[in-house]
Amino acid sequence: MKKQISVIMAAIMIASAASGCQSPGNQATGATSGGEQKEIKTFSLYTMGQTTPLDLSNTPVGKKVTEITGVKLKCDYQVGSDEATIATTQTASGQYDDLLNPHNELNVYRDAGALVPLDDYIEKYGTNIKKWYGDDLKKLKDPETGHIYSLSPARKTVTPIYPLYGFYVQKQVLKANNWPNKMTLDDFFAMLEKFAKEHPTINGQKVIPFASRGDRDGSYLISGVPALLAGYPNTGGNYYDADGTAHNFSLSKWSHDYYKKLNEAQQKGMIDPNMFSQTADQFYQNIASGKVLAFYGGRWEITNQIASLENQKMYDQVPFAISVVFPGVEAESYNGIESISAGQGICITTSCKDPVGAFKFLDAMCSEEVQKLVQWGIEGEDYTVVDGKMTLTEEQLKKVDDADYAKKQGVGQWWNFPHPNLDANTKFSDGNYVHPQNLPLYISSHYKDYEKEVLQGYKVSNLYDMLAPMKSSKFGYGWDISIPDSQPELQDAQKKSGDITNKYLAKLINAKAGTFEDVWNEYCNEMKAAKYNSTESYFTQQVQKRIKEWN
Amino acid sequence: MKVFHLHRRTTGDVVFDIINTIIMIFLIIVTLYPFWNTLVYSLNSPVDSLRGGLYLWPRQFTFSNYSLILSEENVYWASVVSILRALTGSVANVLCTVIIGYALSQKSFVLNKFYSYLFVFSMYFSGGLIPGYFLMRDLHLINNFLVYILPATVSAWNIMVVRSYISELPKGLIESAKIDGASEFRIIFSIIFPLSMPVVACILLFVAVGQWNSWFDTMLYCGNNQSLSTLAYELQKVLQTSQSLSTQSSQAQALIPAAMRNIVTPQSVRATMTIITIVPIMCVYPFLQKYFVNGLTLGGVKE
Amino acid sequence: MIKAEVSPKLENGSVALMPKKKSFFASLVRQKDLVLITLPFAALLILFNYVPLWGWIMAFQNYKPGLGIFNSKWVGFKNFYDLFHDSYFFLGIRNTLGISLLKLVTGYLGSITLALLINEIKNLAFKKTVQTISYLPHFVSWVVVSGLVYTCLSTDGGVVNEILMKLHIISEPFNFMGTPKLFWGVMAGSDLWKEIGWNSIIYLAAMSGINPDIYEAADIDGAGRFRKIFSITLPGILPTIKILLILSVGNLLTVGFEQTYLLSNNMVIDYSQTLELYVYNYGMGMGRYSFATAAGIFNSVVALILVTTFNKLSKTISGESAF
């Protein structure tokens, strides 16, 4: 026993000695900072979801932000994936941090009366916010209460240099087929079949002609595709007519045709046999190992995998997005919609003792001075000014793409705070771009050699241009409309039909020869029994409301 | 000890030992693999790990995963809290477990029946998240170290296990002590404890490991108090910051700018976390192991 | 039970002879040491395990955390009605029971056998090594283990398929993770893999408590290995086995949320939708706190019935009981 205790004591001493060297960060915040001439306010910020859980105020950029705004942030964030549990306990206790980014749980906090409506503050103190949000402000009204709770960051992004979503195909396949685009589903699979026959292995591994995420959280990457093939943008489980009428396309001919095509391909052995019996990690591993010829997905999901392929010098296996459509479809919308989405971003809670101060801080975050800091970084370190124009040197260019550096420096990490549109058309009053990635210099120097070959092949200067540009929409994204708790039957129908679809996707695509139609009918019957389309009227009503109020 | 057995070994014995050894070696391989594979991932370059296909050896050896986690300043103080937590928590629990276990093993104890129902049923009842939170708040246990200890002091499962162990102890010992006029305290601390060391060591281990690994209560009750943060929680935080958003795919996430995404992959961080968590346990383990592997038998076997 | 009648007499014959009515208070006073020393712990238990049960009234409300218990709407038995009128609920019960029972059988037999075999190892260093390594997977989280299970069982170069093919047991890779009927087996198997060593610790401890004199006596009688295992070791740990069995019967409706969630996929959904998954998805996951509470109450009631029944059964058959 004695020996044990001495070992444990020794362990404690070592650990405490180690921690003694670095004094715990939070002790400094309270007392010492008060000694300076300007009074520094501290606000606590709680972030849900998985974005920037960083000690923002202690980064070099964060310190400058504190100097300008007089506000220091004490950042805390959700750990684990269970947002619902956290929202439930916090709202039950009624204790919140001053600022809160509720991610998907905004409704819970709103219903609990935890959020401070910002409408009056915007009117009184929101000079910068009014300037940058302008007409978008009316789109931020909560559908239930009509108040604005947060200044959504989900708005026009940096003018992209890659397409958002699309059918991703390995460069070598595209090259061998003389850079095809806007293919029909039949041609697309014929191309994959031919290539796989000619090249059955890649680096000794058997190729997988077509794959997709089929795990629980990823199966929308299959079930959402039919509407895209028909030319509609991604608006969730429904597509909308011009007048805003919602149509659930789960059982549409489009879905039938797409799944049937996948089923045929599966019978030919062209589909990843593990598609529905593997984890998301395994799917991404297959992408990173370069054996998947094509898949549907988003570029932002596979940036790490592309880095891995580059690391292995497998440039021919890097996938590029093209569009695939049903025969006769003229306009495709893979790049989706350009809009602002309410229900996101940082809110002020009722626990905040100084809501006006907090709001003034949010407004100050939107000022040009702070925006230059948080989007561009520190002058001299992260960007250079030449004749009043903000620009990047060779070295600074590299920093822009270095996510590790960005985190340390605190630059580009403030997306959740109110900010201007970040596209190339939005500029500061001195004519500079709001974001360094909009600089033509950045775009032209960004592409690597293997990418330039693709650019030449498709005769475009920006890979984003390979697909039709984002469209504006009268009602926004559509997928950001959620059914409220007051309609439990509809919530149930939505949840159940989603579960049924998840189950049947696997059955449909893996159906044995000649049984597809039977399985399809079975699927239709179960969906109808679950009243899968009972939610249409709610979505129609909401979208029509948006069309009326927004335009 | 070997001599004692050797002169009695029959062919059956030898065959048994050989088969047993083969089974055990198979078991070692099978159960070591998850740990070994985790170790391999923790020592492999994260970008390379994305390709998968890592089995027995790292492909691109690196310590970067470890330096990433160990460069977090908060990890060190949190380890101290974790050690204190595991230590206090397990001692408190073992104390309670042996005392109640002893009381329940005494069939003549007046409250035996009542306690038995009370403790056993508590295992299957839960008031749920919200009442639990309110209770901690009303008891002023939020942001209080005791929130780790008090609710975890009484464990019905442990008590029942220890009770059944104590019931099997030779009755004569306790009874003769009572006749000698020993108080209940004396009986518990000078007879029951030493005789129950195998099971006590076992419970100590279970509780300490449970305390060492738990992070959800830290988040719920002490989430915004850095000085009460635990290692497990800090590691979860590191994992959270390295989570590539890809596995949590949703439409809105497509809008988040690239600079806010993470390069480190969760697989590598998770593997490294696991190793960092296990190492201290493995250091303490032999001290407890000897009680239930050698057990009391050690004293009885002639060397 | 028999012992209980004997011991008071042995302790103090005169007290046991006192009239029955007074005996409770009398023994309370006589056993005041034991009562006083246990009371604080009983109080802690009541405080932390029973006081929060007031939350069960939320099951009869449409509880909204923001409104609190006084302002939330009362809905009577609606949450229970919803629960019992959902076909998913019954599917959940079937899968839960299937997985639990399979886990119970394999888990128990596995860890008891392992403990017996470890106990038979003569070389102490080897014994310690086996014991130490076998418990290691316990510390590897389900996220990691489920990833390994998927990799090992993959049709794409998974080690299990490779071995089976080398042995010519199967001619082409078999999709284990995509076969619904195998899912229960996958759950039980992976649980065995991860926890076998850890769960055997408690039996090893119980074995350590067996009086070594008994083995010596058996050796002198010339008893063989199996004879000793079956007539000394096993009976020696039987009380522990029984008590753990009784206690775990009450947990038949819980199989482990994390494990199920991580190992299941869209192909096996009919066999993987357990009660826990169902209650999370349609309860907390949708902000229906009351619904989840109702399911919790159902769980407790079932557990209570199971445990008491099984306890009684055990008492009648073997005289051994937990309470």
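In this predicted model, 49% of the 551 residues of chain A count as buried. Chain A holds 23 helices and 18 strands. Chain C is another story: a compact globule of 323 residues would come out near 20 Å, but chain C has 25 Å. As for what chain C is built from, there are 17 helices and two strands.

Here are the two chains, item by item.

| Item | Chain A | Chain C |
|---|---|---|
| Span of the C-alpha trace along the principal axes | chain A: about 80 × 75 × 55 Å | chain C: about 75 × 70 × 30 Å |
| Residues that count as buried | chain A: 49% of 551 residues | chain C: 40% of 323 residues |
| Mean pLDDT | chain A: 87 | chain C: 87 |
| Residues with pLDDT of at least 70 | chain A: 92% | chain C: 93% |

The model as a whole scores ipTM 0.85 and pTM 0.87. In chain A, the mean pLDDT is 87, and 92% of the residues reach 70 or more. Residues 1-36 of chain A, though, have a pLDDT below 50, and this stretch makes 26 contacts in the model beyond near neighbours in sequence. Chain C has a stretch of this kind too: over residues 1-19 the pLDDT stays under 50, and the model gives them 17 contacts beyond four places in sequence. Where pLDDT is low, the predicted coordinates should not be read in detail.

Next, some strands of chain A. Which strands pair with strand 1 of chain A? One is strand 2 (residues 71-77) of chain A, which pairs with strand 1 (residues 41-47) in the parallel sense over seven bridges. Along that pairing, A:Thr47 stands opposite A:Tyr77. Another is strand 3 (residues 99-101) of chain A, joined to strand 1 by three bridges and also running parallel. There, A:Leu45 has A:Leu99 as its bridge partner.

Elsewhere in chain A, you'll find an open sheet of four strands in the order 8-11-4-12, with mixed pairing. Its edge strands are strand 8 (208-211) and strand 12 (319-322) of chain A, each of which pairs on one side only. On average, neighbouring strands of this sheet are turned by 25° against each other, direction ignored. Strand 8 of chain A is joined by three bridges to strand 11 (residues 292-298) of chain A, and the two run parallel.

Finally, let's see where chains B and C meet. How many residues of chain B are in contact with chain C? There are 79 of them, touching 77 residues of chain C. Helix 2 (residues 11-42) of chain B supplies the largest share of the side of chain B that touches chain C, with 15 residues. By class, this side of chain B has 47 nonpolar, 23 polar and nine charged residues.

Technical notes: Residues are numbered from 1 along each chain as its sequence is written. Chains are lettered from A and ligands numbered from 1 in the order in which they are written. This is a predicted model: local features need pLDDT of at least 70, side-chain atom pairs count only at pLDDT 80 or more; totals for chains, interfaces and linings use all residues. pLDDT is the predictor's confidence in each residue, from 0 to 100. Two residues are in contact if their C-beta atoms, placed from the backbone, lie within 7 Å. Ala, Val, Leu, Ile, Met, Phe, Trp, Tyr, Cys and Pro count as nonpolar, Asp, Glu, Lys and Arg as charged, and the others, Gly among them, as polar. Two strands pair if DSSP finds at least two bridges between them. Axes are lines fitted to C-alpha atoms, for helices over the stretch in contact, and angles run from 0 to 180 degrees between N-to-C directions. A residue is buried if 20 or more other C-beta atoms lie within 10 Å of its own, exposed if 12 or fewer, and partly exposed in between; C-beta atoms are placed from the backbone. The radius of gyration is taken over C-alpha atoms; the globule rule is 2.2 Å times the number of residues to the power 0.38.
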